[in-house]
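Okay, everyone, let me put the next one up on the screen. Have a quick look, and then I'll walk you through it.

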Amino acid sequence: MSGENFLSVQNVSKRFGTTLAVDRISLQIGKGEFFSLLGPSGCGKTTLLRMIGGFSFPDEGSIAIEGADVTWLPPNERPTNMVFQSYAIFPHLNVHDNIGYGLRSEGVPQAERDARIKDVLRLIKLEGYGERRAQELSGGERQRVALARALIKRPKVLLLDEPLGALDKRLREAMQVELRELQRELKITFVFVTHDQEEALFLSDRIAVMEKGRILQIADPKTLYEQPNSRKVAEFIGTMNVFEARVTGIKAGNARLASPVLGEFTAPLRAGVNAAAGTTLLAAIRPEKFSLSREMSPRAIKGRIAAIAYLGDRDQFRVMAGGSTLTVSAHNLGGANSALCVGDAVYLSCAPDAVVLLNQD
Amino acid sequence: MKRAEPFDEGVRGLRVYAFLYLAFLYIPVLLLPLFSFNNSLFIAFPLTGFTTRWYAEMAADSEMHAALLNTLKVGTLASLSSTILGLLAAKALARGGLKGASAFIGLTSLPLFIPEIVLGISLLVLVTAMGIGLSLLSVAIGHLLVCLPFAIAVLLSRLEGFDASLEEASRDLGENGWMTFWRVTFPLVLPGIVSSLLLTFIVSFDDFMIAFFLCGTDTTLPVYIFGELRFPNKLPGVLALGSTILLVSGGLVFVAEWVRHAGVRLKPHRIIGR
């Protein structure tokens with residue numbers, strides 16, 4: 001079976017004491033998809049992952065892989081494998097035996113075992129590391145061994161619980177590239193848990209944004225960033241300027257709005273946004289969608305720079321406009337923007353489709 | 001003049017103290033082997049001459065051998081049973097989420113705080129009332145009671161650094177609960193198991209009070225030695241026996257420490273980037 005419902009989670013709930021860690025979650029993951037569960041700590045993403053892996057059983061709902069119900073199967077009887085957050089490298093075994101651990105229970109003969117271990121060591125670029133002990137490995141090497149140990153089982157679904165969280169930034173970025181290439185090459189379904197939105201955007205085919213045990217939105221990275229379905233998603237993924245705007249009219253899928261910040265403006269109405277003349281919506285604009293200039297232009301709004309943060313590749317401005325503070329970022333292209341100072345008057349403008357309209361919370 | 005570092009003052013005094021402390025600890029113990037080679041019935045200075053006679057006497061004493069064998073039997077039974085039960089208890093306690101875990105630990109270690117003579121008498125009453133009868137088995141059961149808290153304490157400290165995801169990883173990689181125990185838990189807890197076996201064996205080996213009340217006609221070594229003390233001519237033989245025990249238990253402690261250090265560290269390492 002392929003397509004959307006290779007891994008199917010139906011209406012799953014899990015309670016710990018009085019807290020509802022996972023609240024009636026349903027999702028469908030396709031074969032070969034890189035799917036991420038993204039959310040702040042305590043949002044239930046790891047609990048959901050552990051239920052898919054069989055380390056915890058749901059109070060309600062069911063989980064199926066390739067149409068077969070696995071809800072009540074122990075981990076050793078599921079076609080899933082997990083890369084643990086702590087990596088869980090067996091400290092009493094060397095790299096070779098760690099990676100080969102899962103082949104013994106399958107009854108793979110010694111010769112084939114060794115060949116497969118060798119192959120996978122090459123895959124993760126740790127050839128010649130077979131004799132090393134867990135203590136002799138660096139963080140990045142442990143992460144690879146944990147990955148190899150799971151992949152050698154040829155799982156239908158690989159579960160990854162914040163596998164890059166313990167690595168420093170540079171190494172993490174390098175591992176992200178490797179992980180994505182590996183997944184594209186092996187075409188195994190990955191379910192990846194992370195709280196790092198940049199990581200999720202970079203790696204995933206689709207992302208489920210979670211909060212308090214519920215899924216807020218499931219979408220591909222671009223949709224998630226460009227068209228978040230709620231203020232929470234908008235503010236969790238990247239930075240977003242959000243302010244209220246009153247609907248003054250609707251015409252051909254566009255809404256006409258008025259707000260103290262942007263003045264009169266038009267923005268496209270997307271499905272799911274409940275707008276009628278006289279109602280108040282939220283208008284959201286990413287910092288980089290603004291263009292910033294000293295020169296006045298038609299329909300630009302006037303503001304004053306309250307703070308400037310120099311971030312190397314870009315400058316981030318705090319601009320006071322219409323009684324609100326907006327975050328505006330501008331790529332470091334040199335030129336006029338570089339000469340801006342706190343207190344300078346500036347004009348902000350943006351394209352109509354840069355404005356995302358959201359329902360009020 | 002070079003001034004002492006802020007916290008170094010008085011180090012000399014502490015060295016003297018440490019030396020005196022060690023002397024206090026070991027001189028009485030070292031007298032045992034010294035007199036066991038002394039060619040006199042009386043335990044007094046000056047030494048009169050060197051002999052290995054007492055060792056030869058000890059080697060020929062069949063009653064002593066029987067008592068030693070009894071002690072070994074009881075010790076083996078008590079250390080094995082307390083370590084197995086202790087491992088099960090420690091595993092449950094270390095997993096956490098157990099209601100009343102600390103109360104349970106407190107209750108299991110309570111026998112340590114009951115005077116042994118009280119424990120011995122109450123066990124005697126119980127064993128008689130239950131009709132088990134006085135034998136090496138009743139001694140072993142009594143020893144299990146005092147050994148279990150030691151076993152739990154040793155094993156619990158070993159299991160506390162145990163990363164639960166190691167067992168989960170094993171399950172994830174296809175092993176069932178039993179095989180996970182054999183392939184992951186057991187090898188990692190092994191140093192703790194060895195420590196527990198040695199410690200509980202020594203606790204059992206050492207015990208006089210409980211054995212005295214419960215052993216009936218099958219005397220253990222401490223009970224036998226106590227009996228022998230009434231006969232002055234047996235005393236040097238007891239010293240020889242004591243010295244031998246000292247040597248063997250010293251060896252055991254050495255082995256235990258070696259196993260402990262050879263064991264794999266369980267605490268997760270700080271993860272560093274390459």
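When I say helix or strand, I mean DSSP runs numbered from the N terminus: H or I of at least four residues for helices, E of at least two for strands. On that basis, chain A has eight helices and 20 strands.

Keep in mind that this is a predicted model, where local features need pLDDT of at least 70 and side-chain atom pairs pLDDT 80 or more, while totals for chains, interfaces and linings use all residues. Residues count from 1 along each chain as its sequence is written, and chains are lettered from A, ligands numbered from 1, in the order in which they are written.

Still on chain A: 40% of its 361 residues are buried, meaning 20 or more other C-beta atoms lie within 10 Å of a residue's own, with C-betas placed from the backbone. Its C-alphas fill a box of roughly 75 × 45 × 35 Å along the principal axes.

Now the contact between the chains, with C-betas, again placed from the backbone, within 7 Å. Chain A gives 29 residues and chain B gives 24. On the chain A side, helix 4 (139–151) brings the largest share, five residues.

So which helix of chain B is largely enclosed by the rest of the structure? That's helix 7, residues 164–172, because seven of its nine residues are buried. Among them are B:Leu166, B:Ala169 and B:Arg171. These buried residues pack against helix 1 (45–53) and strand 6 (80–83) of chain A, plus helix 8 (177–206) of chain B. Just after helix 7, B:Gly174 has a positive phi of about 110°.

Methods
A residue is buried if 20 or more other C-beta atoms lie within 10 Å of its own, exposed if 12 or fewer, and partly exposed in between; C-beta atoms are placed from the backbone. Two residues are in contact if their C-beta atoms, placed from the backbone, lie within 7 Å.
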